[in-house]
Amino acid sequence: MIARHVGLLIALLSLPFGLRADEPAKPGDSRYEIRADHDPNGIGKFYMGREIAHVMGFGPGGQGAEWLERAVREKEEKLTLLIKSLDLKPGMVVADIGAGSGVISVLMAEKILPDGKVLAVDVQQEMLDRLRDNTKKLKITNVEPVKGTQKTTALKPRSVDLAIMVDVYHELEFPYEMLLDISKSLKPGGRIAFVEYRKEDPDVPIKLVHKMMEEQVKKEASLPEFGLKWTKTIGVLPWQHIVLFEKQPKPDR
Ligand SMILES: C[S@@+](CC[C@H](N)C(=O)[O-])C[C@H]1O[C@@H](n2cnc3c(N)ncnc32)[C@H](O)[C@@H]1O
């Protein structure tokens with residue numbers, strides 16, 4: 001039964017709902033490199049030595065969203081433990097970047113009551129519509145859907161206490177531009193959490209381009225223009241690591 005489910009997971013992450021990258025790297029865009037020889041589960045675009053994965057699509061009939069909402073996800077990924085590890089406090093402004101249908105947003109929303117809110121950012125309108133329906137059904141009023149673009153989040157500068165990307169960063173088509181945007185949206189002392197499948201662990205049953213090494217996350221997030229400092233990596237989850245950075249106050253000039 002478990003093997004069958006893992007098989008399904010692997011099949012899903014080979015992206016039957018994968019979206020094509022809509023803005024491929026242009027010649028002369030030196031930050032990114034296009035290679036003809038690449039993993040079929042990736043988009044053939046490389047950033048800092050890593051191939052970017054296909055975006056997970058909403059899917060025909062919402063199958064992609066249904067997979068995100070699957071009941072067995074708690075058992076497989078221990079979402080409750082993930083949320084506990086985030087040290088959420090009442091009143092926080094949390095940005096769930098790549099929120100999908102809102103599974104993580106919903107779990108965080110209750111922890112930041114009474115006056116905190118989740119800004120649930122996604123590029124797919126169908127995901128945001130489903131997120132809106134899901135929160136309405138659950139009578140959750142502190143999750144706000146936000147439509148972003150491939151390069152921007154639409155979040156206000158210095159407004160966010162915690163930005164989180166669960167199973168998202170590896171599929172950002174423009175990771176540099178997105179991290180620059182997200183880092184600007186953080187308050188000084190605000191945090192960003194990358195939750196990625198551990199590439200170091202061959203037993204994590206996920207396609208390679210959907211996994212990331214901790215060192216690779218650190219390398220990409222540590223460019224000086226982001227002003228982010230690694231604080232800790234939490235290894236309590238069965239398949240993912242939680243790699244945390246803090247926004248540094250700008251040095252006095
Ligand atoms: C694998 S899903 C994860 C959804 C959610 N975080 C969860 O764990 O349930 C990845 C999501 O990231 C979104 N995404 C991809 N690129 C994005 C971008 N540049 N900005 C915002 N969302 C993005 C996709 O549309 C998709 O809904």
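Trainee: In β3, which residue is the bridge partner of Tyr32?
Mentor: Keep in mind that this is a predicted model. β2 and strand β3 (residues 42–47) run antiparallel and are joined by 3 bridges. One of the pairs links Glu33 with Phe46. For Tyr32, the bridge partner in β3 is Tyr47.

Trainee: Which residue in β4 does Tyr47 stand opposite?
Mentor: β3 also pairs with β4, in the antiparallel sense, over 3 bridges. Gly42 stands opposite Ala53 in β4. Tyr47 faces another β4 residue, Arg50.

Trainee: Which residue in the turn of the β3 and β4 hairpin has a positive phi?
Mentor: The two strands form a hairpin with 2 residues between them.

Trainee: What is the order of the strands in the open sheet?
Mentor: The sheet has 3 strands, with antiparallel pairing. Neighbouring strands are turned by 40 degrees against each other on average, direction ignored. The order is β2-β3-β4.

Trainee: Why is one side of β2 and of β4 left without a neighbour in the sheet?
Mentor: Look at β2 (32–34) and β4 (50–53). Both stand at the edges of the sheet. One side of each has no neighbour there because each has a single partner strand.

Trainee: How many helices and strands are there in the protein chain?
Mentor: Now the whole chain. It has 253 residues, and buried residues make up 41% of them. Among contacts between residues at least 6 apart in sequence, 67% join residues at least 24 apart. The count of elements is 8 helices and 13 strands.

Trainee: Which residues come nearest to the ligand?
Mentor: There are 22 residues around the ligand. They divide into 14 nonpolar, 5 polar and 3 charged. The nearest are Met56, Leu68, Gly98, Gly100 and Val166.

Trainee: Which elements give two or more residues to the shell around the ligand?
Mentor: Take them by position along the chain. One lies at 55–56, another at 103–109 and another at 117–122. They are β5, α5 and β7.

Trainee: Where is Gly98 found, and is Gly98 buried or exposed?
Mentor: Gly98 sits in the loop between β6 (93–97) and α5. Inside 10 Å, Gly98 has 24 C-beta neighbours. The cut-off for burial is 20 or more, so Gly98 counts as buried.

Trainee: How many Å separate the C-alpha atoms of Gly98 and Val168?
Mentor: Leaving aside neighbours within four places in sequence, Gly98 is in contact with Asp122, Met165 and Val168. Gly98 and Val168 are 70 residues apart along the chain. Their C-alpha atoms are separated by 5.9 Å.

Terms used: Residues numbered from 1 in each chain as written. Predicted model: local features only at pLDDT ≥ 70, side-chain atom pairs only at ≥ 80, totals over all residues. Pairing = 2+ DSSP bridges. Helix = DSSP H or I, 4+ residues; strand = E, 2+ residues; numbered from the N terminus. Axes fitted to C-alpha atoms, helices over the stretch in contact; angles between N-to-C directions. Near = placed C-beta within 6 Å. Nonpolar A, V, L, I, M, F, W, Y, C, P; charged D, E, K, R; others polar. Buried ≥ 20, exposed ≤ 12 C-beta atoms within 10 Å, placed from the backbone. Contact = placed C-beta atoms within 7 Å.
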